[in-house]
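Hi,

Here's the structure I said I'd pass on. Have a look, and then read on for what turned up.

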Amino acid sequence: MSSSRLQNRWQQLPEAEIRQLQAEKLRQYLRTVMVPFSPHYRELFREQKLNADSIRTLDDLQRLPFTKKTDLLPTPEHPERFKEFILTPDAKILARQPKTIFRAVLHGRKKVEAELSAEFRPVSMFFTTGRSAEPLPFLLTRHDLGNLTSASRRLMEVCGAQPEFRMLNAFPFAPHLAFWFTYYAGVSFGVLTVSTGGGKVLGTEGNLRLIKKLNPDTIIGVPTFIYHLLQQAAEEKVSCKNLKRIVLGGEKTSDGLRRKLRDMAAGLGAPNVDVLATYGFTESKLAWAECPFPHDLEPSGYHLYPDLGIIEIVDPKTGRAVPTGQPGEIVFTPLEARGTVVLRYRTGDFIDGGLVYEPCPHCGRTLPRLVGKISRASEIKEMQLDKLKGTLVDFNQLEHVLDDAPHIGAWQLELRKAGDDPFDLDELVLHVSKTDSTADRQLDHELRERFYNEVELHPNQIFFHDAAEMRRLQGVGVVIKEQKVVDHRPRANGDAPNVAAVKPELEKTYEP
Ligand SMILES: [Zn+2]
């Protein structure tokens with residue numbers, strides 16, 4: 001069966017059948033790939049007295065312990081722990097597998113060797129991102145790039161792309177999933193794409209020049225940068241008449257932000273733009289998208305690829321799987337991955353609408369979907385911002401409060417210490433730029449009230465800036481990823497951490 005017919009089959013199945021097919025595929029994957037070739041999971045299965053046949057249904061998956069990011073981080077005894085998650089095929093075991101024998105008889109030994117090399121030899125490497133967590137390398141083989149190509153083409157289909165579309169890929173150029181997934185999306189779907197590398201590579205000016213040249217139908221990138229890009233386009237009266245989709249990734253997307261971006265696009269001559277969010281993470285080597293929806297209705301969630309991976313939603317406290325449609329933490333298990341592989345990977349991302357299987361109300365596909373707002377626990381923990389002036393702060397909520405606030409466009413939260421004293425109280429300073437001529441005093445009052453109502457917190461100071469100053473504060477054109485939250489609290493040892501700057505530590509690169 002061709003891969004596209006297979007996908008179509010998966011797109012029309014009810015929940016029970018999807019789950020059954022996933023369980024069968026998982027058992028096969030564990031038996032022929034994971035247990036024999038993953039040093040980490042071979043050991044784990046032995047310890048837990050499990051084998052591939054222990055997992056007969058998706059509910060059985062709960063017998064397998066979770067994998068967390070910390071399981072891959074180096075320790076003094078294991079400085080290169082991530083290597084234990086890289087599949088290392090054993091020629092003797094492979095030679096005994098029926099599939100290998102069958103193909104060798106059919107196509108000859110040389111051909112089979114070439115196939116196995118494509119399947120298992122790493123040819124690419126991405127790094128995990130995160131505000132301050134250590135970036136970890138994830139290796140991809142040609143088999144993985146094949147899956148990535150297929151998934152990225154499907155993402156384009158879900159977004160309603162057309163072959164005649166032209167796409168501007170404004171994700172930061174880096175060894176990260178977002179940029180490369182989008183690059184492969186353009187190639188696999190077959191649309192003319194320019195990858196600008198984002199603000200740091202070409203600057204906002206360079207991106208605008210390419211918008212003028214390309215006249216794109218789709219712009220895809222990180223919300224903060226796209227916001228600045230459209231704002232500068234408005235300042236310079238650049239027309240964007242062709243624009244039909246703004247696709248966002250790498251950061252949370254709120255309803256307020258969608259509305260702002262739609263309004264800005266309308267101001268550039270594109271009155272009916274769909275602003276669609278994507279969700280993905282390096283460890284899955286995948287990203288999923290929303291389909292276009294009427295602007296007065298809610299988006300229907302991220303459309304998954306059930307043949308490429310299993311998503312579970314678990315109670316973050318007990319670790320138990322929650323029923324369909326219930327909120328919880330997103331846990332991922334791949335079904336086709338090679339290279340670096342993690343099973344039952346706890347993302348630290350919480351989704352408030354959970355996982356659903358009903359046909360999508362907007363596009364009709366019966367793919368499982370992740371529904372609702374996603375917030376990242378990891379960001380709070382990594383930044384150690386949970387306690388500010390004695391109040392517990394959910395920064396995810398704070399971001400939504402700001403994105404949804406009327407009259408303001410770009411914003412930045414800055415953390416300081418009172419009197420710049422590392423032992424004094426934390427202070428929260430808010431920098432904003434206005435989208436209209438509302439008086440500073442009035443907006444100051446409104447924002448304080450909004451903050452207090454939503455998160456029971458008063459910012460210590462609110463500063464108003466023009467667009468150019470906000471660009472400078474957020475590091476547009478300077479840092480890889482624009483900074484919406486900055487930590488300027490001095491540490492007791494004197495150096496001020498700047499947590500939002502994402503710099504993959506390439507000196508820690510894995511060298512095969
Ligand atoms: Zn849909």
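The zinc ion has a tetrahedral arrangement because its four donor atoms subtend angles of 105 to 120° (for four donors, tetrahedral needs all angles between 85 and 135 degrees). Those protein donors are Cys 291 (SG), His 303 (NE2), Cys 360 (SG) and Cys 363 (SG), at 2.1 to 2.3 Å from the zinc ion; a donor is an N, O or S atom within 2.8 Å of the metal (3.2 Å for Na, K and Ca). Along the chain they follow the spacing C-x11-H-x56-C-x2-C.

His 303 sits in strand β9 (residues 302-303) and Cys 360 in the loop between β13 (355-356) and β14 (369-370), so this pair ties together parts 57 residues apart in sequence. Strands are DSSP E runs of at least two residues, helices H or I runs of at least four. His 303 is buried at 1% relative accessibility, and Cys 360 is buried too, at 4% (buried means under 20% relative accessible area, with a 1.4 Å probe and protein chains only).

On to the helices: α2 (residues 15-37) and α3 (residues 39-47) pack at about 95°, axes 5 Å apart, the axes being lines fitted to C-alpha atoms over the stretch in contact. That makes α2 and α3 roughly perpendicular (65 to 115 degrees).

Housekeeping: this is a predicted model, with local features needing pLDDT of at least 70 and side-chain atom pairs pLDDT 80 or more, while totals for chains, interfaces and linings use all residues. Residues are numbered from 1 along each chain as its sequence is written, and side-chain values use heavy atoms, leaving out hydrogens and water.

Cheers

Methods: Four donors count as tetrahedral if all angles lie between 85 and 135 degrees; four count as square planar and six as octahedral if opposite donors are over 155 degrees apart and all others between 65 and 115; anything else is irregular. Buried means under 20% relative accessible area, exposed over 50%, partly exposed in between (1.4 Å probe, protein chains only). Axes are lines fitted to C-alpha atoms, for helices over the stretch in contact, and angles run from 0 to 180 degrees between N-to-C directions. Angles under 35 degrees count as roughly parallel, over 145 as roughly antiparallel, 65 to 115 as roughly perpendicular and the rest as oblique.
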